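Subject: Structure handover

Hello,

Here is the structure for your files. My notes on cavities, cores and salt bridges follow below it.

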Amino acid sequence: MPEIKKPIINYSSRDFASIKRDLIDYAQKYYPESFRDFNEASFGSLLLDMVAYVGDIMSFYTDYQANESYLETSLEFSNILKIVRQYGYKYRPNASAFGEVSFFVTIPATLNGSSPNYDYAPVLRKNSTFSSTNGNLFTLMEDVDFSETKDAILVATTNAVGTAPTRFALKAKGVVVSGDLETQTFNIENYKKFLKLDLFDSNFTEIVAVFDSKGNNYYEVDYLSQDVVYVPVLNTNDNKNFARNIYKPISVPRRFTVEPTLFGATIQFGYGTDDNEEKFLDPTSMSLDIFGKDYITEKSFDPTVLTKTGKLGIAPSNTILTVVYRKNTTASVNVPVDTITQTAQPIFTFLNENTLSTAETNLVRQSLELTNEEQINGGTNAGNPDIDEIKARAKGSYSSQYRAVTRDDYISLCYNMPSNFGQIKKANIVRDQTSFNGKNLNLYILSLDSFNKMTVTNNIVKQNLRNWINQYKMVGDTIDILDGRIINLEINFEVVSFANINKFDVISECINTLSSYFTNRYYDFGEPFKITDVYKLLNNIPSVVDTKIVTVTQKQGFGYSAYNVDYDDMISKDGRYLIPPENTVFEIKFPAADITGDVI
């Protein structure tokens, strides 16, 4: 049987002109007797043009689909969002601005005028709203209790002769977030698997609450298979000033995920129902029932998985679903100092209000004043992340995969713990070489006190941090959360100045320069203190000819850390820097007092 020769086809031709040229060459080579009319105005040329036209379109969409399938080459914004979602990155447009606002009210004095009458100290409730001078709306994120204020308490007014106070002014602080709350309802009828609801609001920032007409609450999760979330419980212990809330895990059979979109957001539920999903495990039911058996069935109990079915959450049905979400009211949400000064809708409550004077409680409400003593920032005034920025963030998210594997993963988790559960200023994790299996990790942490100085972290924050890390840590890792060590330093220097300059002015300028550099300078665990930096700062001062010597020693005494390390164990061989132990940080606690010098 003769071998059939396959025609030669040029697969590299992709555009209209090259495809038509190849078609003409093909016809001339394989059909020289039956097809000879290659005139541009002929019917045959029309057929070649049509085929080349279709081929060009198919080639274009093949290239387009191939490019849009990869993050590096994708250009369509909607396609990029789908790809980065697979990387584990959550696109969050319309970032909110956060900050602290100071609130002031006046309350009556006691009958003898000796102290404020705290029966009239109000509670400014969460979700109260305020506005800035440029029209930005801000929402209070937490209750502000004026009866527990640790800020200024001043005399506001006195009696006619000025001998006794009649009203006191109280100051308290609260955290606010940019934006206002909006509500949207959905009439859910028949049951539907993986129900999706669309929120059409281009200013959407986050979901605040979801509940149905039956009184059931739904909780946002990162993925539908996650059935345990951590919620804040008000901390009533003595150390509540350091951590307002305690981190507690709860099971959430009713849950949903949120995917921000170009038009707002999409909410998705699972496919469970009240009958097949909401079944909680009772630890007592895990007992081994061996009656009537000559064998034992192994049963295991995982305290982090409290629902026994795998329906990915209950989907609402035959109810009215209410969605409360936050939206930004303006494009520019960051505001400077002393611009949030207007009340929009404050919500006040009083303890035992029925027993209080209505006139006095109204005066307290009307006396509310506020301002932001620091700038409110965190929003993206320059607009949402562009394509290149989203791609870069997605790659970083993909490397971590929401799991603590490397040292940097654990440290990043500490810094990313929600701020209302307490904040960690510095963290470092070290493998415990003395542990039996070598898998125990020592996590050293430090926080800031009310004066923004390094201090040990209280037990409530440590407990919250442990619960937070347990969501992401490796199963085989055991972690001990320990207090970091602090070494306070003092600096003494000698410089040479020009002869025609006042030495006291030179000393003052040198100390101010160093104080400015080391104020709010927080060293990491194990980060060396470079003595050469002090030389460099002093030599850059115009009035200084040369720096003769810089001496850095450990500062101890009242108000300073008592932790002591031998100086010879820290100084480098060339004497250029100090190296602390890996569980220790350096700190110049009071730069204005801990930096001294002389001019020679």
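How much space lies in the largest cavity? About 60 Å³. A cavity here is a set of points, on a 1 Å grid over the protein atoms alone, where a 1.4 Å probe fits but cannot get out. The volume is the space filled by probe spheres set on the points, which are joined across faces, edges and corners.

Before the rest, some ground rules. This is a predicted model, so local features need pLDDT of at least 70 and side-chain atom pairs count only at pLDDT 80 or more, while totals for chains, interfaces and linings use all residues. Residues are numbered from 1 along each chain as its sequence is written, and side-chain values use heavy atoms, with hydrogens and water left out.

Cavities

By this rule there are two cavities of 30 Å³ or more. Lining residues have an atom within 4 Å of a point. Those of the largest cavity include Asn-452, Lys-453, Phe-518, Arg-521, Glu-587 and Pro-591. Its lining divides into four nonpolar, three polar and four charged residues. In this count, Ala, Val, Leu, Ile, Met, Phe, Trp, Tyr, Cys and Pro are nonpolar, Asp, Glu, Lys and Arg are charged, and the others, Gly among them, are polar.

The second largest cavity holds about 50 Å³. Leu-81, Val-84, Arg-85, Tyr-89, Lys-90, Tyr-91, Glu-259 and Pro-260 line it. Helix H3 (77–86) and strand S14 (255–260) each give two or more of these residues. The largest share, three residues, comes from H3. Helices (H or I, at least four residues) and strands (E, at least two) are DSSP runs, numbered from the N terminus. This lining has five nonpolar, no polar and three charged residues.

Cores

A nonpolar core is a set of buried Ala, Val, Leu, Ile, Met, Phe, Trp, Tyr and Cys residues joined through side-chain atoms within 4.5 Å. Buried means under 20% relative accessible area, exposed over 50%, and partly exposed in between (1.4 Å probe, protein chains only).

The largest core has 28 residues. Ile-491, Phe-493, Phe-518, Phe-529 and Leu-538 touch the most other members. Elements giving two or more residues include strand S24 (485–497), helix H8 (503–518) and helix H9 (531–539). H8 gives the largest share, six residues.

Phe-518 also lines the largest cavity. Leaving out residues up to four places away in sequence, Phe-518 touches Ile-491, Tyr-523, Phe-529, Val-534, Ile-588, Pro-591 and Ile-595. Contact means heavy atoms within 4.5 Å. A second, separate core of 26 residues includes Tyr-120, Ala-121, Ala-172 and Phe-350.

Salt bridges

The structure holds 13 salt bridges. Each is a side-chain nitrogen of Lys or Arg within 4 Å of a carboxyl oxygen of Asp or Glu.

Asp-143 pairs with Arg-125, with the closest N and O atoms 2.8 Å apart. Asp-143 lies in the loop between strand S4 (137–140) and strand S5 (144–145), and Arg-125 in the loop between strand S2 (123–124) and strand S3 (129–132), so the pair ties together parts 18 residues apart in sequence. Asp-143 is partly exposed, at 41%. Arg-125 is partly exposed too, at 31%.

Lys-327 meets Asp-201 at 3.3 Å, N to O. This bridge ties together parts that are 126 residues apart in sequence. Lys-327 and Asp-201 are buried.

Asp-524 meets Lys-426 at 2.8 Å, N to O. Their parts are 98 residues apart in sequence. Asp-524 is partly exposed, at 34%, whereas Lys-426 is buried, at 11%.

Best wishes

Technical notes
1 Å grid on protein atoms, 1.4 Å probe; cavity = no way out; pocket = protein on both sides within 12 Å on 5 of 7 lines; lining within 4 Å.
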